[in-house]
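Subject: Structure handover

Hello,

Here is the structure we talked about handing over. My notes on it follow below.

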Amino acid sequence: MSPDEFEAALRGIGAERYHILHPFHHLLHNGKLSKGQVQAWALNRYYYQANIPAKDASLLARLPTTALRREWRRRIEDHDGDGTQPGGVERWLALTDGLGLDRDYVTSLRGLLPGTRFAVDAYVHFVRERSVLEAIASSLTEMFSTNIIQQRVAGMLRNYDFVSEATLAYFNPRLTQAPQDVDFALAYVKQHADTREKQEQCLAALRFKCDLLWAQLDALHLAYVEPRLVPPGAFRP
Ligand SMILES: O=C(O)c1cc(C(=O)O)c2c(n1)C(=O)C(=O)c1cc(C(=O)O)[nH]c1-2
């Protein structure tokens, strides 16, 4: 594949299987969930947010050049903050606070769904164990995230009286951070996937990532929408 055909194949994966297509997101964005169901989403997604800088740190350690490490260090600061500005993890907790969840309960992970834990852990392990190229390719779902974030923020503000601009403030910086992440990661992947085999590995990494995002929503849907099979110990609204 030429680099442009390869990029088109990557984008095709998003069109086919990005979590914007999941029924749980349709319900969330269109105001069809109760406050308790929205709380369950925010509580579970905290685990994803909290693990993003951990997966980025494990990749950073394996990057071979100063320029690459500096670029990846920026991602860690986006999520962990720099000590003066709150990072994404802290801003996610502002969202769970705003929804009325107890912060200690959220961060204790006691209410987490097992499906969320397994899916997020699979991402961290994938990035730790696969090649640098596959690890960077797996971040490319961010190519599709601007769209879903705009849809989510507009939909939730319109449809729920228990969310506000302040509660959803997590998402604003993502609208500039994600395109910056993607510019770098996509250029890297297009340059370094210089054989058909490496291109296929990148496509598989992106499919894997879409699947683990999808699996997180499956877990939420089964527990909190239908058939409401809440696993032992998991959050009960
Ligand atoms: O709201 C979303 O639907 C969404 C999706 C994704 C994604 O596609 O992985 C990320 C985020 N948000 C996000 O906020 C974020 O910080 C992030 C980091 C990464 C990554 O793989 O490194 N994905 C995402």
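The end C-alpha atoms of residues 8-218 lie 27 Å apart, and this span is 75% helix and 0% strand. According to UniProt, in an unreviewed entry, residues 8-218 carry the feature "domain: Thiaminase-2/PQQC". Please keep in mind that this is a predicted model.

Overall fold

The protein chain has 11 helices and zero strands. Read from the N terminus, its elements run α-α-α-α-α-α-α-α-α-α-α. Along the principal axes, the C-alpha trace spans about 50 × 40 × 35 Å. A compact globule of 237 residues would have a radius of gyration near 18 Å, and the protein chain agrees with this because its own value is 18 Å. Of the 237 residues, 35% count as buried. Among contacts between residues at least 6 apart in sequence, 78% join residues at least 24 apart.

Ligand shell

The residues that surround the ligand are Ile52, Gly88, Ser139, Thr141, Glu142, Ser145, Ile148, Ile149, Arg174 and Leu213. By class, this shell has four nonpolar, four polar and two charged residues. Helix α9 (residues 145-159) supplies the largest share of the shell, with three residues.

Nonpolar cores

The largest nonpolar core has 27 residues, and those that touch the most other members are Ala42, Leu43, Leu95, Leu113, Leu168, Leu220 and Ala223. Two or more residues of this core come from each of α2 (23-29), α3 (35-60), α5 (88-98), α9 and α11 (196-224). Another core, of 26 residues, lies apart from it and includes Trp72, Ala137, Leu186 and Val189.

Leucine 113, in the largest core, touches Asn44, Ala219, Leu220, Ala223, Pro231 and Ala234, not counting residues up to four places away in sequence. Leucine 186, from the other core, lies in helix α10 (residues 171-192). Leucine 186 counts as buried because it has 21 C-beta neighbours inside 10 Å, where 20 or more are required. With residues up to four places away in sequence left out, leucine 186 touches Glu7, Leu140 and Met143. The C-alpha atoms of leucine 186 and alanine 94 are separated by 31 Å, and these residues are 92 apart along the chain.

Two loop residues

Glycine 87 lies in the loop between α4 (66-80) and α5. Glycine 87 and proline 173 are 86 residues apart in sequence, yet their C-alpha atoms are 9.7 Å apart in space.

Arginine 130 sits in the loop between α7 (114-129) and α8 (132-138). Arginine 130 is partly exposed, with 18 other C-beta atoms within 10 Å. Leaving aside neighbours within four places in sequence, arginine 130 is in contact with Ala135 and Ala205. Between arginine 130 and glutamine 201 there are 71 residues of separation in sequence and 9.9 Å in space, C-alpha to C-alpha.

Backbone exceptions

Most residues other than glycine have a negative phi, and most peptide bonds are trans. The following places depart from that.

- The peptide bond from glutamate 226 to proline 227 is cis, with omega near 0°. Proline 227 is found in the segment after α11.
- Arginine 228 is not a glycine but has a positive phi of about 60°. Arginine 228 also lies in the segment after α11, and it counts as exposed because it has 9 C-beta neighbours inside 10 Å.
- Leucine 109 has a positive phi, near 65°, and is likewise a residue other than glycine. The place of leucine 109 is in the loop between α6 (103-108) and α7. With 14 C-beta neighbours inside 10 Å, leucine 109 counts as partly exposed.

Regards

Technical notes: Residues numbered from 1 in each chain as written. Predicted model: local features only at pLDDT ≥ 70, side-chain atom pairs only at ≥ 80, totals over all residues. UniProt positions renumbered as here; feature names shortened; annotations may be inferred. Helix = DSSP H or I, 4+ residues; strand = E, 2+ residues; numbered from the N terminus. Near = placed C-beta within 6 Å. Nonpolar A, V, L, I, M, F, W, Y, C, P; charged D, E, K, R; others polar. Core = buried A, V, L, I, M, F, W, Y, C linked by C-beta atoms within 7 Å. Buried ≥ 20, exposed ≤ 12 C-beta atoms within 10 Å, placed from the backbone. Contact = placed C-beta atoms within 7 Å. Rg over C-alpha atoms; globule rule 2.2 N^0.38 Å.
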